[in-house]
Amino acid sequence: MFARSILRSVIVFAVPSAVVSSQIIADYRVESKDAPIVLGRGYSVSNGQIMGLCMDVDLENDITVPSFDYEYILRDISTHDLVTSDETLKTTKSYLDATARVESATRVTTTKDDTTTNTVMSLMLVDKYYISADETNLALSEDALSLINTGNFLLFFQSCGPTMIRSVRRASEFAGYFSSTTTKSESTTTVNYLNTLGSSSIYGNGGNVKSSATDMTIEMKIYGITLKGEKANRAFNARNFDEYMVAMDAAFEAMMDPAVGIVKSIEVVPWINNLQFQAAVQMDTPIIAASSTTHSFMRRFYTIVNAEHLARVDSILSQRIRVISNIVSCLSAVMGFSRTDNDKMLQNKWHICVPGMACPNLTVLGLKEALTSKRDLVTDEEHHRRYLLGRTVDNLRGYITNYVAPCFDDLTREAHGVPGGNMQTLHWANMDGCRETSCIFSGTKWETDKCVATDTSDNVDLIIEQYCMPAIL
């Protein structure tokens with residue numbers, strides 16, 4: 001009991017810094033290429049979920065003037081030490097690619113005592129920041145504003161998230177590799193020649209540089225640019241050095257677009273800091289009750305904390321629904337294999353196995369047993385819980401009935417004549433329907449009057465991620 005009280009205290013006071021100000025998010029959640037980062041979209045700090053677009057943003061007219069940092073690097077990367085000792089190169093997306101190229105070239109040339117592969121890397125880096133929405137020109141979307149005006153804060157925060165993405169930092173890279181295999185006695189001359197090619201300036205004339213190496217190769221690697229227009233499409237299909245110079249010029253122009261690039265970080269701000277939201281909710285007006293008054297600052301505090309809690313619970317609920325769908329789909333697929341396949345190994349999506357290497361794998365029969373997880377039950381009334389799918393559905397039903405529904409009812413209840421006022425005057429941990437903090441974690445189920453950890457054999461999330469949909473090795 002004491003431990004649960006401590007846990008509740010920690011959660012209650014672990015308020016996101018975004019409650020009263022902006023917050024910078026710079027980790028795998030926003031750097032993933034699967035994350036649709038767009039100015040004006042909603043975001044939840046507590047679970048990293050990107051929500052709907054609830055702010056109308058014109059990228060031509062509604063953003064502030066961005067800033068750019070440009071860097072051009074020319075490096076001899078003919079040996080592994082030259083690559084790994086370069087601290088600047090280590091911070092780029094091209095570092096792993098450069099390392100792999102050198103190691104591959106080394107393996108090829110080590111069998112020939114008199115030859116060596118020389119590689120010079122030409123790298124353009126552009127860092128784009130202060131790409132921020134100009135809030136003086138922004139407007140909430142018509143649908144989002146309609147939800148606020150009708151006091152439907154539950155749907156607003158479910159759709160738009162507790163915060164919005166106000167600014168994005170992006171980066172772009174263009175890497176060119178000039179390689180030639182020569183005798184070791186000519187190595188220095190070859191590197192100097194490759195440096196001459198790579199050091200030709202942007203918009204410069206590289207056509208007068210003639211190559212005497214018949215085996216020279218030129219390769220390109222590009223990260224985070226746009227390919228708008230026919231010119232760009234043709235430019236990045238270089239077949240000689242002159243066309244490579246055209247590709248560099250096209251890449252330089254494309255990298256200047258502030259709307260494209262690899263996302264490095266985002267700035268998020270609570271919706272309560274948006275002037276249009278405040279005006280619609282009349283957030284500057286205290287909520288006066290018979291025995292207490294909730295001033296505007298506390299209204300803002302309760303709103304954003306409760307909105308984050310709503311997003312957290314909504315995310316857990318969505319994840320549990322996805323698990324049920326995944327169990328059904330994966331079970332249907334694995335049951336389609338014949339009994340003769342039962343001892344065959346399935347591909348593990350998290351591991352790349354090579355012959356002779358011990359890999360964590362599961363057989364077809366093992367996946368069937370994990371997803372059915374049959375139990376011998378004592379009473380006939382529990383027949384629906386005999387298999388994993390039935391127990392998972394039952395646990396979801398119990399979670400919704402005993403926690404989600406009462407909590408959302410409390411969050412949306414009118415208070416002192418204000419629609420949705422309960423969300424603005426009371427912390428979720430002090431609401432009867434939401435106060436059970438054990439229910440805000442994944443891998444739990446409702447039991448009697450609280451949430452407890454799900455049985456280990458029923459927690460198949462990891463197995464589903466690794467082996468579904470099933471494929472035989």
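Reader: What does the accessible surface of the protein come to, and what share of it belongs to carbon and sulfur atoms?

Author: The protein has an accessible surface of about 24300 Å², and carbon and sulfur atoms hold 53% of that. Areas come from the Shrake-Rupley method with a 1.4 Å probe, and for residues only the protein chains shown count as cover. This is a predicted model, in which local features need pLDDT of at least 70 and side-chain atom pairs count only at pLDDT 80 or more, while totals for chains, interfaces and linings use all residues. Residues are numbered from 1 along each chain as its sequence is written, and side-chain values use heavy atoms, with hydrogens and water left out.

Reader: Is Gln424 buried or exposed, and what makes it so?

Author: Gln424 has a relative accessible area of 2%. Buried means under 20%, exposed over 50% and partly exposed in between (1.4 Å probe, protein chains only), so Gln424 is buried. Gln424 sits in helix α15, residues 422-425; helices are DSSP runs of H or I with at least four residues, strands are runs of E with at least two, and both are numbered from the N terminus.

Author: Tyr70, at 37%, counts as partly exposed. Thr448 lies in the loop between β13 (444-447) and β14 (450-453), while Tyr70 is placed in strand β5, residues 67-76.

Reader: Which bond joins Cys468 and Met469?

Author: The bond between Cys468 and Met469 is a cis peptide bond, with omega about 0°. Met469 belongs to the segment after α16 (461-467).

Reader: How are α12 and α14 oriented to each other, and why?

Author: The axes of α12 (residues 296-334) and α14 (residues 388-412) cross at roughly 160° and come within 11 Å. Axes are lines fitted to C-alpha atoms, for helices over the stretch in contact, with angles from 0 to 180 degrees between N-to-C directions. Angles under 35 degrees count as roughly parallel, over 145 as roughly antiparallel, 65 to 115 as roughly perpendicular and the rest as oblique; α12 and α14 are therefore roughly antiparallel.

Reader: What meets what in the contact of α12 with α14?

Author: Contact means heavy atoms within 4.5 Å. The α12 side includes Leu310, Val313 and Arg320, and the α14 side includes Leu396, Tyr399 and Phe408. By class, 20 residues are nonpolar, three polar and one charged. Ala, Val, Leu, Ile, Met, Phe, Trp, Tyr, Cys and Pro count as nonpolar, Asp, Glu, Lys and Arg as charged, and the others, Gly among them, as polar.
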